[in-house]
Amino acid sequence: MAEPTSGELTPDALTSDVLAESQAGEALLGRYRDSLLGVFGTPQRVLVRGSGATVWDAEGREYLDLLAGIAVNALGHAHPLVTSVVASQSATLGHISNFFTSPTQIALAEKLLQLSEAPEDSKVFFTNSGTESNEAAFKLARRHGGTDRPRIIALQDGFHGRSMGALALTWKPAHREPFEPLPGGVEWVPAGDVAALRAAVDETVAAVVVEPIQGEAGVRGMPEGYLQAVREITREAGALMIVDEVQTGVGRTGAWFASTGVEPDAMTLAKGLGGGFPIGALITCGEAVSELLSAGQHGTTFGGNPVATAAALATIHALESGGVLENVRRVGAATAEALAARAEVTEVRAHGLLIGFDVDDAGLPSSAPLAPAMVAQALEAGFIINAPGPRTLRLAPPLTITEDQMMRFVEALPGIHRAAKENA
């Protein structure tokens with residue numbers, strides 16, 4: 001590469017300049033606290049580079065990433081196809097307004113309709129995130145319900161995002177209460193309880209919103225037949241069935257969608273769709289549902305831009321051509337089996353490479369939750385994991401991760417558990 005001329009700024013030079021001010025992670029975290037809004041708390045590390053399932057921090061320490069940006073980096077970090085496609089598209093056409101379209105936007109919409117086996121006259125609306133996809137779905141439900149169907153049913157322990165409409169669907173009071181009043185009409189029923197759902201849904205309900213697997217609740221799937229029951233109950237009442245596949249879609253469970261086999265009225269996607277590039281989608285199924293939102297009734301500035309849709313097309317191509325879904329099923333099953341054999345693990349809930357497991361916290365007071373302490377100890381040991389509950393850990397690694405890499409974590413688990421109990 002030619003040396004930049006005086007005053008010329010290159011990507012490498014920009015990164016070097018930023019880090020040159022202070023290579024120390026602690027100093028960078030201090031600058032973070034001084035300059036960024038504290039809604040995430042203080043980050044655990046400053047990450048500067050990634051490759052596959054591995055990332056490195058500002059101190060040069062290496063970590064196996066078993067969270068993948070919370071199920072986002074489906075192909076790991078710096079996947080060569082995705083990075084080359086993003087660079088090529090950026091150099092060709094980066095952003096256009098929605099007064100126009102692009103070949104990648106059209107091609108991605110067609111591909112999603114094909115993969116979802118959506119019926120004739122189904123459509124796609126592109127967003128930038130899962131919460132935006134669920135906002136669009138909320139408005140779709142309102143258009144369907146009008147004044148005659150003011151109620152929307154969601155599930156207890158569900159999570160749908162943090163913007164106001166998506167937050168109104170989210171169960172956890174601690175997320176919702178600081179921002180009330182929220183959009184009204186939302187009611188919750190116990191997840192997986194067909195009788196409770198049947199009792200709640202009548203001709204006053206506009207929609208039922210479900211996650212096939214509740215990730216934030218600790219990776220808890222619905223009972224066998226539950227999604228089919230939701231479909232039957234909503235169809236009988238004339239309500240929409242909206243499936244939130246933001247975390248579970250695009251291969252995470254070893255299938256393209258966790259709700260495969262059930263035809264919803266709408267499906268929301270995001271996270272793994274762009275392989276790390278921000279993009280989400282709302283799929284509306286059939287002509288009647290697809291006509292609910294007409295011109296001018298919803299929109300987004302950045303949704304479906306050429307770079308994001310090119311990244312998604314590259315991600316889907318890599319998943320299809322590389323046998324990745326088979327890898328998800330094989331490695332996920334092997335990991336679940338290995339975890340279940342550990343004395344420190346009391347329960348495993350695995351759906352491909354979305355894995356939740358509970359750990360033995362016997363002898364610890366409730367004021368000393370073990371799972372967050374294990375997250376900290378795992379980081380010290382070189383593993384990035386997540387704790388959605390006080391005794392629950394979640395793994396959502398890149399879908400390309402190897403069995404050997406997953407076994408490294410399983411083998412390290414006893415030491416992580418022991419150190420966490422000693423320090424909890």
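Colleague: In this predicted model, in which hand does α4 pass α12?

Modeller: The two elements concerned are helix α4, residues 80–92, and helix α12, residues 306–321. The crossing in which α4 passes α12 is right-handed.

Colleague: What is the orientation of α4 relative to α12?

Modeller: The axes of α4 and α12 come within 9 Å and cross at roughly 155 degrees. Angles over 145 degrees count as roughly antiparallel. Therefore α4 is, relative to α12, roughly antiparallel.

Colleague: How many aromatic pairs does a search of the whole structure find, and which residues do ring pairs link into a cluster?

Modeller: The search of the whole structure finds three aromatic pairs. The cluster linked by ring pairs consists of Phe357, Phe383 and Phe409.

Colleague: What is the geometry of the pair formed by phenylalanine 383 and phenylalanine 409?

Modeller: The ring centres of phenylalanine 383 and phenylalanine 409 are 5.5 Å apart, and their planes stand at 70 degrees. Planes over 60 degrees apart count as edge-to-face. The pair of phenylalanine 383 and phenylalanine 409 is therefore edge-to-face.

Colleague: How many residues apart in sequence are the parts that this pair ties together?

Modeller: Phenylalanine 383 and phenylalanine 409 are both buried. Phenylalanine 383 belongs to strand β15, residues 383–384, and phenylalanine 409 to helix α15, residues 403–423. The pair therefore ties together parts whose separation in sequence is 26 residues.

How values were computed. Residues are numbered from 1 along each chain as its sequence is written. This is a predicted model: local features need pLDDT of at least 70, side-chain atom pairs count only at pLDDT 80 or more; totals for chains, interfaces and linings use all residues. Side-chain values use heavy atoms; hydrogens and water are left out. Axes are lines fitted to C-alpha atoms, for helices over the stretch in contact, and angles run from 0 to 180 degrees between N-to-C directions. Helices (H or I, at least four residues) and strands (E, at least two) are DSSP runs, numbered from the N terminus. Angles under 35 degrees count as roughly parallel, over 145 as roughly antiparallel, 65 to 115 as roughly perpendicular and the rest as oblique. A crossing is left-handed if the near helix is turned anticlockwise from the far one by less than a right angle, and right-handed if clockwise. Rings of Phe, Tyr and Trp (its six-membered ring) pair if their centres lie within 6.5 Å; planes under 30 degrees apart count as stacked, over 60 as edge-to-face and the rest as tilted. Buried means under 20% relative accessible area, exposed over 50%, partly exposed in between (1.4 Å probe, protein chains only).
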